[in-house]
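Here is a friendly briefing to read alongside the model. Please have the sequence and the 3D view open as you go.

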Amino acid sequence: MLWYIDQASRVSLQEQIAGCVRRAVTNGGLAVNEQLPPATELALALDVDRNTVLAAYRRLREEGVVDFRRGRGVRVTAKAPVSAPVEQAARQLIDAARANGYSKAEVLGMIQELM
């Protein structure tokens, strides 16, 4: 499991970590009931504070993506999302761009500016 975060990003580290987990769940990198790395281990790997990882895990628990169980660690739930919302949004963007006569280069340029 290779997750990357950008220390210089405007997106909080906590949200970046949660996003890595969400993406891994939606693209099949993490399966239902699969255990996530312990917070201390992931914090060391990503060079962030352990509490940042714990905050990301709590957020994911609130969303229903993971569950905490004493002695079992943090695991992906059966209620975790199965389709990628970003991919769906991208398909909608492509459809709208085509309908309005935008070229691929124009759409990519807009995305690069917004990112």
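T52 lies in helix α3, where helices (H or I, at least four residues) and strands (E, at least two) are DSSP runs numbered from the N terminus. This is a predicted model, in which local features need pLDDT of at least 70 and side-chain atom pairs count only at pLDDT 80 or more, while totals for chains, interfaces and linings use all residues. Residues are numbered from 1 along each chain as its sequence is written, and side-chain values use heavy atoms, with hydrogens and water left out.

**Around T52**
- T52 is buried, with a relative accessible area of 19%; buried means under 20%, exposed over 50% and partly exposed in between (1.4 Å probe, protein chains only).
- Leaving aside residues up to four places away in sequence, T52 touches L13, Q14 and I17, a contact being heavy atoms within 4.5 Å.

**Nonpolar core**
- The largest nonpolar core holds 23 residues, and W3, I17, V21, L30, L36 and V53 have the most contacts inside it. Such a core is a set of buried Ala, Val, Leu, Ile, Met, Phe, Trp, Tyr and Cys residues joined through side-chain atoms within 4.5 Å.
- At least two residues of this core come from each of α1 (13–26), α2 (39–46), α3 (50–63) and β2 (73–76).
- The top contributor is α1, with six residues.

**Salt bridges**
- The whole structure has four salt bridges, each a side-chain nitrogen of Lys or Arg within 4 Å of a carboxyl oxygen of Asp or Glu.
- E15 pairs with R22 (2.7 Å, N to O), and E15 counts as partly exposed at 24% relative accessibility.
- R59 also forms a salt bridge with E15, with the closest N and O atoms 2.2 Å apart. Because R59 lies in helix α3 and E15 in helix α1, this pair ties together parts that are 44 residues apart in sequence.
- E63 meets R22 in a further salt bridge (2.8 Å, N to O), linking helix α3 to helix α1 across 41 residues.
- Through shared partners, E15, R22, R59 and E63 are joined into one network.

**Hairpin and ring**
- Strand β1 (residues 66–69) runs antiparallel to β2, and four bridges join them; strands pair if DSSP finds at least two bridges between them.
- F68 has V74 as its bridge partner in β2.
- Three residues separate β1 and β2 in this hairpin, and G71 in the turn has a positive phi of about 85°.
- R61 lies over the face of F68, 4.3 Å from the ring centre; the criterion is NZ of Lys or CZ of Arg within 6 Å of the ring centre and within 35 degrees of the ring normal.
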